[in-house]
Amino acid sequence: MMRGFYTLFIKELMRFWKVSFQTVAAPVLTALLYLLIFSHVLQKQVQPYPGVQYVEFLIPGLAMMSMLQNAFANSSSSLIQSKITGNLVFILLPPLSHFELFLAYVLAAIVRGMVVGAGVLAVTCWMAPPALQHPLWVMVFALLGCGVMATLGLIAGIWAEKFDQLAAFQNFIIVPLTFLSGVFYSIHTLPDIWLRISHLNPVFYMIDGFRFGFFGVGDVSPWMSLCVVFLTFLTLAGSAILLICTGYKLRH
Amino acid sequence: MPDAISFRSIRKQFGSLRALDGVEFTIQEGEFFALLGPNGAGKTTLISILGGLTKPDSGKAEVMGFDVQTHYREARRNVGIVPQELVFDPFFTVRETLKFQSGYFGLRNNQNWIDEILENLGLEDKADTNMRALSGGMKRRVMVAQALVHRPPVIVLDEPTAGVDVELRQTLWDFIKRLNEKGHTIVLTTHYLEEAEVLCNRIAMLRQGKVIALDTKDNLLSEHQSVRSLNIRLSGGNLPRGLHNKLISKQHDQYQIRLSSPEELEWVLAEIRVAGLQILDMGLDKPDLEQVFVATMRRHDAHA
């Protein structure tokens with residue numbers, strides 16, 4: 001029954017794995033560079049939480065940021081490429097259900113996010129081994145965070161008709177949301193107005209919850225973060241499935 | 001027994017363009033059917049509706065009795081469509097492409113049938129080649145193979161031989177003919193009318209989104225049987241003035257003259273004799289599908 005889903009899921013995995021140098025190695029290297037530069041510049045000036053060094057603080061944030069950006073990139077770039085080259089027709093003609101289509105794209109993107117995240121942790125942990133106090137929270141936020149971004153990528157891929165539209169989505173929405181989410185700083189160090197604005201950013205909750213799993217401290221309660229991230233996921237998933245069901249920009 | 005394909009009052013508008021305007025016809029199981037028409041007549045839109053790629057504004061399309069919208073999964077399992085545009089996934093080899101396509105249709109162990117398709121389409125040597133490295137003709141073969149992986153009872157080919165060499169055409173049509181003999185319904189659009197004439201037994205002609213002719217090939221041809229043309233080579237002077245309004249074409253001393261009825265032949269020959277000309281060579285042309293097509297399109301335009 002779910003053979004169609006399974007096949008599309010495997011195809012999506014193979015698609016990024018065949019170019020893993022670009023889809024996995026490159027983002028891991030970028031995260032490593034961020035870490036080297038920022039830790040060098042800020043290590044002595046900033047101590048975000050008592051007893052937590054800036055490098056330790058930065059590593060989970062960078063890992064999560066890379067995971068989120070790559071989960072988004074996987075579903076969105078796969079869809080837009082298929083749309084522009086025209087081979088999406090081979091996925092639209094078979095009897096794949098709307099839900100199978102949704103699940104395959106989103107799960108494959110989550111896998112890419114997790115692989116990149118594991119890569120970032122693997123190459124950065126030598127600088128400051130992460131504490132990992134609540135591994136379950138780490139997994140929950142990693143999976144849910146990637147799920148949110150994978151779904152958003154699916155929506156962006158369905159919506160965009162050209163590569164530059166997708167690039168605009170990425171540069172003007174995804175990058176600001178992730179950069180301004182507390183990857184590089186604790187939001188408590190921000191002026192009041194920015195603190196309030198940060199609380200409206202769902203990515204902040206993903207990163208804060210993920211970081212809580214490592215240090216057992218966060219800017220807000222992990223349960224609060226879980227609620228926000230889960231509701232965001234449900235809303236986006238519902239919207240994406242609705243778009244697929246109606247055939248918006250896929251079936252004319 | 002349900003029809004293999006049925007279209008009921010299909011209408012589709014793209015902006016100000018009326019792509020399909022009340023298309024209605026059915027195709028029986030086992031037919032070899034040609035859908036003909038000039039560019040922009042609506043053939044591809046109609047096929048897209050069948051595959052669920054396009055949604056009609058109104059009307060209903062069914063494949064093997066399954067509505068393409070309300071029972072889309074069953075409908076799609078029953079039809080294999082070869083799209084007109086040459087598209088492929090550059091990440092994978094031919095075999096990977098076909099394995100994935102089988103999986104999308106819910107098939108697990110499809111290796112034997114994939115091998116059979118590869119062999120029948122002359123693709124065995126290319127099975128492990130990346131799609132990017134294939135020539136245009138080879139890519140086209142893979143597209144045909146992709147449409148056949150799930151052994152669909154209805155096979156739709158949208159201009160499968162556009163821009164491909166003679167060898168592929170032969171290979172492709174031999175295979176498709178065999179599938180038709182085994183009971184598969186075949187629907188074909190093509191600009192090569194001689195292909196349609198040789199292969200198909202029933203024909204629909206589309207123009208500006210409307211069906212303007214729908215009949216068996218034999219009926220369409222016999223309807224135009226009275227229209228023939230005479231090919232004649234003359235020496236000793238030019239074509240007599242009285243025959244100028246019958247002239248279709250002229251090349252050096254060779255003339256093609258339209259005959260509205262077989263009886264007209266005697267009158268034409270008499271005119272030539274009276275003018276004192278010598279006949280070097282002559283022959284009669286029977287109407288072919290191309291002439292029927294052109295005549296049908298002209299008649300439609302005259303009434304439009």
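**View 1. A34(B) and its partner in β8(B).** In β8(B), L188(B) is the bridge partner of A34(B). The strand β8 covers residues 185-189 of chain B. It pairs with β3(B) in the parallel sense, over 3 bridges. Two strands pair if DSSP finds at least two bridges between them. Strands are DSSP runs (E, at least two residues) and helices are DSSP runs (H or I, at least four), numbered from the N terminus. This is a predicted model: local features need pLDDT of at least 70, side-chain atom pairs count only at pLDDT 80 or more, and totals for chains, interfaces and linings use all residues. Residues are numbered from 1 along each chain as its sequence is written, while chains are lettered from A and ligands numbered from 1 in the order in which they are written.

**View 2. A34(B) and its partner in β9(B).** What is the bridge partner of A34(B) in β9(B)? That partner is I203(B). Strand β9 spans residues 202-207 of chain B. It runs parallel to β3(B), and 4 bridges join the two.

**View 3. The faces of β3(B).** Strand β3 holds residues 32-36 of chain B. 5 of its 5 residues are buried, so the strand is largely enclosed by the rest of the structure. A residue is buried if 20 or more other C-beta atoms lie within 10 Å of its own, exposed if 12 or fewer, and partly exposed in between; C-beta atoms are placed from the backbone. One side carries F32(B), A34(B) and L36(B).

View 4. Domain 1 takes residues 5-222 and domain 2 takes 226-285. These bounds come from an automatic or database domain assignment. Over C-alpha atoms, the centres of the two domains are 43 Å apart.

**View 5. Where chain B touches chain A.** Chain B gives 24 residues to the contact, and chain A gives 23. Two residues are in contact if their C-beta atoms, placed from the backbone, lie within 7 Å. On the chain B side, α2 (72-77) and α3 (94-104) are the elements that give two or more residues.

**View 6. The helices of chain A.** How many helices and strands does chain A have? There are 10 helices and 0 strands. The C-alpha atoms fill a box of roughly 60 × 35 × 35 Å along the principal axes. Of the 252 residues, 48% count as buried.
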